[in-house]
Amino acid sequence: LREQVNLIRGYVVEFLRAGLSVTVNFVGLSRGGIGGLYMAQDLADFPIDKVVLNMLLFDPVPGNLVWMSRYADLAGVMNANQAMDVSFVPNLGRIL
């Protein structure tokens, strides 16, 4: 998922270099919903007046159990731990 997020980030960077503002509308189902959360985290460093991310996420599934990420993932490398927090992302538009 991170590779796809990096690809989209590259497109966003090119649009910004061209002097355009960008609205990304993302639809993710199951594992794709986790990709949307990764994208939100990755686009968090762009100014809110330049990049807005709208997301429609259906049943985001990290691929591992939440209890495993809480108690067994001490290093924080499981998808559940990496995608769980998007509270720091300022440029979220509409989320469904």
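This is a predicted model: local features need pLDDT of at least 70, side-chain atom pairs count only at pLDDT 80 or more; totals for chains, interfaces and linings use all residues.
**Notebook: strands, core and a few side chains**

I started with the strands: E1 and E2 run parallel and are joined by eight bridges.

Next, the two faces of E1. Side chains in a regular strand alternate between the faces of the sheet. I listed Val22, Val24, Phe26 and Gly28 on the covered face of E1, with Thr23, Asn25, Val27 and Leu29 on the uncovered one.

Then the core. I count 20 residues in the largest nonpolar core, and those touching the most other members are Val12, Val24, Leu37, Met39, Leu43, Leu53 and Met55. At least two residues each come from H1 (2-17), E1 (22-29), H2 (31-42) and E2 (51-58). H2 gives the largest share, five residues.

What does Val12 contact beyond its neighbours within four places in sequence? I found Val22, Val24, Leu43, Phe46 and Val51.

On to the rings. My search for aromatic pairs came to zero. I did find a charge over a ring: the charged end of Arg2 sits over Tyr38, 3.6 Å from the ring centre.

Last, Asp49, which I placed in the loop between H2 and E2. Is Asp49 buried or exposed? Its relative accessibility is 59%, and the cut-off for exposed is over 50%, so I put Asp49 down as exposed. I also checked Asp49 against Val24: they are 25 residues apart in sequence, and their C-alpha atoms are 13 Å apart in space.

Key. Residues are numbered from 1 along each chain as its sequence is written. Side-chain values use heavy atoms; hydrogens and water are left out. A nonpolar core is a set of buried Ala, Val, Leu, Ile, Met, Phe, Trp, Tyr and Cys residues joined through side-chain atoms within 4.5 Å. Buried means under 20% relative accessible area, exposed over 50%, partly exposed in between (1.4 Å probe, protein chains only). Helices (H or I, at least four residues) and strands (E, at least two) are DSSP runs, numbered from the N terminus. Contact means heavy atoms within 4.5 Å. Rings of Phe, Tyr and Trp (its six-membered ring) pair if their centres lie within 6.5 Å; planes under 30 degrees apart count as stacked, over 60 as edge-to-face and the rest as tilted. A charge sits over a ring if NZ of Lys or CZ of Arg is within 6 Å of the ring centre and within 35 degrees of the ring normal. Two strands pair if DSSP finds at least two bridges between them.
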